[in-house]
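Please read the following briefing alongside the sequence and the coordinates.

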Amino acid sequence: MYFAKELLEKCSSLRKKWEDQVKKILSRQGERKERFSTVSDHDIKRLYSPEDIKDLDFEKDIGFPSQFPYTRGLHPTGYRGRFWTYRMFSGMGTARDTNQRWHMLLQNGQTGLSTAFDFPTLMGLDTDSPKALGECGRCGVAIDTLEDFLLLVDRIPLGEVTTSMTINPPATVLWAMYCAAAEKKGVALDQIGGTIQNDMLKEFIAQKTFMCPPEPSVKLISDTIEFGARSVPRWNTVSISGYHIREAGSTAVQELAFTLRDGMEYVEDVVRRKGLHPDEFAPRLSFFFNAHIDFFEEICKMRAARKIWARVMRDRYKAKEERSWWMRFHTQTAGCSLTAQQPYNNVIRTATEALSAVLGGTQSLHTNSLDEVWCLPTDHAVQIALRTQQIIAEETGVANTIDPLAGSYFVEQLTREMEEGAWEYIERIDDMGGMLAAIDQGFPQMEIADAAYRFQTQIDSGEKVMVGVNKYVTEEAEECPLLDIDEAVEQGQLKRLAETKRKRNDRSVRTSLDDLRRACKKGENVMPVCIEAVKNLCTVQEICDVYREVYGLYQDPGLF
Amino acid sequence: MSKRPIRILVAKPGLDGHDRGARILARCFRDAGHEVVYTGCHQTPEQIAAAALQEDVDCVGLSCLSGAHKHLFPKVVQLLREQDAGDIVVIGGGIIPKQDFPVLYDAGIKEIFTPGTPLPEIVDWINEHVVPGREL
């Protein structure tokens with residue numbers, strides 16, 4: 001028990017008194033609304049008191065930082081030793097344009113890099129594919145071959161700075177390029193650090209950037225996890241992502257549950273397919289959460305996430321190493337909480353969300369720019385977003401002590417509710433036969449669709465408020481400067497690609513692709529041949545075409 | 001002609017997978033009593049035009065959040081016109097800056113709905129501007 005009996009008795013009598021006072025007030029005047037709930041529609045009570053958390057176990061549920069189950073964080077000194085990594089997701093236009101933005105960010109105090117690729121790259125297509133027309137460089141940087149990639153990392157010390165790459169179906173290819181680029185710069189594979197997102201399950205569930213069917217997609221992920229464990233030990237080979245699940249409209253509990261269940265699916269696949277022990281690879285599994293606008297719900301979600309993962313890794317998968325129990329995660333503030341209307345208000349939203357991520361104990365953070373509802377951010381907007389993190393870190397004092405909200409009746413109770421809600425979902429998915437089976441049945445997709453639709457109707461009815469959208473609307477449009485990606489970017493990239501194709505050695509390209517095809521068919525790890533292929537200047541699409549040919553294509557079932 | 005419900009194709013042209021809006025609209029149109037077909041993500045303009053004809057729809061709602069709308073939306077209208085289906089009402093939505101509206105209107109997109117538009121507003125627009133059962 002968390003509190004002494006005497007205290008709870010006292011509490012109970014004080015509560016009765018307060019309830020009488022509440023009744024009296026309510027008989028005269030009601031509250032602002034009938035029901036109070038989070039942005040996820042999770043019920044919130046009028047007050048939380050010791051009685052709510054009386055059956056929590058201090059050691060098992062809360063404990064100390066760096067101690068199982070890590071509710072209060074992984075690190076013994078929290079952010080007192082070192083702040084979270086300021087990691088702004090960026091990429092636009094050509095590799096050269098993005099390289100410039102990266103240097104600008106590093107000069108401004110950013111401490112890690114994070115790459116946004118354009119849609120053709122994300123989908124495993126080259127700029128010269130008919131399907132890619134009009135998309136080049138628009139949502140991120142266009143990469144077709146290793147030559148582009150070398151420009152991207154020009155003057156970036158790959159042995160010092162860590163780089164995250166948001167890349168999924170072609171993750172093997174872009175990671176192979178990073179490895180090849182490091183080698184060219186004389187940095188050994190065991191010296192490079194970073195993350196590839198490489199989480200395909202959430203693509204089928206939410207983000208919808210897919211190529212091959214789920215089963216072979218997971219196989220490729222297990223290849224990268226195995227290769228990383230053996231050859232690139234400082235690399236996080238998967239970033240198991242709730243971010244996109246939330247952006248697609250899920251609740252906080254769904255984000256938590258589906259993300260963790262995805263992680264469990266990967267652990268099981270690597271153990272089964274590769275015969276590795278969880279301790280050989282689990283320390284390099286990383287996570288990625290959304291920081292949405294409902295402040296306390298997000299903090300509690302993150303505290304619950306660490307707790308559940310520690311239990312899962314220790315008890316379900318029998319991992320022995322503490323590092324295998326750690327949930328390390330990146331956070332991004334919620335793009336879907338921003339509004340196109342009155343865009344300067346987005347600065348305040350992002351600041352609040354960033355604060356919740358910090359109080360939730362994130363390892364690294366991206367803060368959205370005020371103009372990102374419209375387009376890729378301008379330099380100025382990005383700088384404000386980065387400064388938001390720096391102000392939280394270095395001015396507000398919130399990082400002076402570890403997990404400052406622990407022990408709050410509300411925070412501990414909501415943490416428990418997040419945890420229990422997630423377990424319920426995890427058990428349902430277990431009963432279905434795991435996440436692949438659940439995706440096949442459309443289960444997580446439809447749960448998210450229901451939640452997204454409910455939220456939209458709550459916005460339309462005014463039950464939930466978005467300032468500037470359904471309340472405090474202004475007639476005059478408030479506009480901010482927008483970044484335009486010049487159409488010349490596409491022309492330039494097409495020319496570059498054509499030149500690379502002309503000058504490369506066609507025979508070694510063919511041999512590389514044949515080797516890759518053979519490795520795919522035999523079920524071998526594709527990473528070593530993939531690295532050879534990118535060195536021989538095979539394009540992203542040429543390599544992905546081999547995957548598509550061997551593994552087949554996934555068709556969006558179009559559920560709604 | 002007998003009265004049948006309005007038939008709408010909700011379509012996601014291009015490579016982006018941001019389908020939250022498209023799927024919410026598909027469900028909203030269904031709740032409003034229309035017949036709805038949703039293409040799923042990653043459709044080419046050719047696939048969308050073919051689906052519109054095959055499903056005999058009265059309206060096509062295009063959703064794009066990648067910035068490629070200036071290329072993709074006009075292409076769908078052009079393909080429909082080429083196949084004598086220029087009377088299908090094509091509307092668009094997504095992340096579309098104001099300055100791109102004139103180009104899209106000129107290309108034959110009848111209306112554009114951007115983030116924050118209440119669902120009932122879109123339903124009302126459809127009821128006012130789309131007549132079920134195209135004249136063939």
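Chain B holds an open sheet of five parallel-paired strands in the order β2-β1-β3-β4-β5, where strands are DSSP runs of E of at least two residues and helices are runs of H or I of at least four, both numbered from the N terminus, and where two strands pair if DSSP finds at least two bridges between them. This is a predicted model, in which local features need pLDDT of at least 70 and side-chain atom pairs count only at pLDDT 80 or more, while totals for chains, interfaces and linings use all residues. Residues are numbered from 1 along each chain as its sequence is written, and chains are lettered from A and ligands numbered from 1 in the order in which they are written.

**The sheet of chain B**

- The edges of this sheet are β2 (35-38) and β5 (111-113) of chain B, each of which has a single partner strand, so one side of each is left without a neighbour in the sheet.
- Strand β1 (residues 7-11) of chain B runs parallel to β2(B) and is joined to it by four bridges, and Leu9(B) has Val37(B) as its bridge partner in β2(B).
- Helix α3 (residues 69-82) of chain B lies across β3 (59-64) and β4 (89-94) of chain B and runs at about 165° to β4(B), with axes fitted to C-alpha atoms, for helices over the stretch in contact, and angles taken from 0 to 180 degrees between N-to-C directions.

**Overall form of chain A**

- Chain A contains 22 helices and nine strands.
- Its radius of gyration, taken over C-alpha atoms, is 24 Å, close to the 24 Å that the globule rule gives for 560 residues, so chain A is as compact as a globular protein of that length; the rule is 2.2 Å times the number of residues to the power 0.38.
- Buried residues make up 50% of the 560 residues in chain A, a residue being buried if 20 or more other C-beta atoms, placed from the backbone, lie within 10 Å of its own, exposed if 12 or fewer do, and partly exposed in between.

**Strand β1 of chain A**

- Five of the six residues of β1(A) are buried, so this strand is largely enclosed by the rest of the structure.
- β1(A) pairs in the parallel sense with β9 (residues 364-366) of chain A over two bridges, and Tyr86(A) stands opposite Leu365(A) in β9(A).
- Four bridges also join β1(A) to β2 (residues 112-116) of chain A, again in parallel, with Thr115(A) in β2(A) as the bridge partner of Ser90(A).

**The contact between the chains**

- The contact takes 31 residues from chain A and 30 residues from chain B, two residues being in contact if their C-beta atoms, placed from the backbone, lie within 7 Å.
- On the side of chain A that touches chain B, the largest share, five residues, comes from α18(A).

**Local backbone features**

- Most residues other than glycine have a negative phi, and most peptide bonds are trans.
- A cis peptide bond, with omega about 5°, joins Phe68(A) and Pro69(A), and Pro69(A) is found in the loop between α2 (58-62) and β1 (85-90) of chain A.
- Gln342(A) has a positive phi of about 45° and lies in the loop between β8 (329-333) and α14 (346-359) of chain A.
- Leu537(A), with phi near 65°, lies in the loop between α21 (527-535) and α22 (540-551) of chain A and counts as buried, with 20 C-beta neighbours inside 10 Å.
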